[in-house]
Amino acid sequence: MSPSDAPQRRPADARARVHWLARLMDSSIRLPGGFRIGVDGLIGLVPVVGDLAAAGVSFYIVAQAAHAGVSVRVLAHMALNVALDAVVGAIPVLGDVFDVAFKANQRNARLMDAYLDRSAPR
């Protein structure tokens, strides 16, 4: 198969994947009182392994943004969000609260959208 035969990734497909994952990881579970948490907050309760798994999914989101054509500068900002989430999230108890409040994946989805919206042909 030549490179021209390979399926092309479109920014719209990447956006759909990123938004689905960001919602799953950051706000898919409704708690009493209307507060939302995601799978990230739950798996982050498992020391080390949970934080690493959540960071892996978060970096997948960054990779999807790269495939969609997001600039290196925005990707670096997204990676910093993931790193901050992972480092602070590794602190027992405080990190879990931060993880639930910071919502790095949804921040990164918004960063990707803003970049793609600005660079879209008019």
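How do the residues of the lining of the second largest cavity divide into nonpolar, polar and charged? They divide into three nonpolar, two polar and four charged. The model is a predicted one, and a search of the whole structure finds two cavities of 30 Å³ or more. Rolling a probe the size of a water molecule over the atoms shows where empty space is left.

**Second largest cavity**
- The second largest cavity holds about 30 Å³ of space.
- Its lining is made up of M25, D26, I37, G38, D40, G41, D99, V100 and K103.
- Helix 1 (11–27), helix 2 (39–43) and helix 5 (94–102) are the elements that give two or more residues to this lining.

**Largest cavity**
- In the largest cavity there is about 70 Å³ of space.
- The residues lining the largest cavity are D40, D51, A54, A55, S58, V82, D85, A86, G89, A90 and D99.
- Two or more residues of that lining come from each of helix 3 (49–67) and helix 4 (72–89).
- By type, the lining of the largest cavity has five nonpolar, two polar and four charged residues.

**Helix 1**
- Helix 1 has 17 residues, so at 1.5 Å a residue it should span 24 Å; its end C-alpha atoms lie 23 Å apart, which agrees.
- The buried residues in helix 1 are A14, V18, L21, A22, M25, D26 and S27.
- An α-helix has 3.6 residues a turn, so residues three or four places apart point the same way.
- The cover over the buried residues of helix 1 includes strand 1 (29–30), strand 2 (36–37), helix 2, helix 3 and helix 6 (104–119).
- M25 and D26 are buried in helix 1, and both also line the second largest cavity.

Methods
Residues numbered from 1 in each chain as written. Predicted model: local features only at pLDDT ≥ 70, side-chain atom pairs only at ≥ 80, totals over all residues. Heavy atoms only, no water. 1 Å grid on protein atoms, 1.4 Å probe; cavity = no way out; pocket = protein on both sides within 12 Å on 5 of 7 lines; lining within 4 Å. Points joined across faces, edges and corners; volume = space filled by probe spheres on them. Helix = DSSP H or I, 4+ residues; strand = E, 2+ residues; numbered from the N terminus. Nonpolar A, V, L, I, M, F, W, Y, C, P; charged D, E, K, R; others polar. Expected span 1.5 Å × (residues − 1). Buried < 20%, exposed > 50% of the residue type's maximum accessible area, 1.4 Å probe, protein only. Contact = heavy atoms within 4.5 Å.
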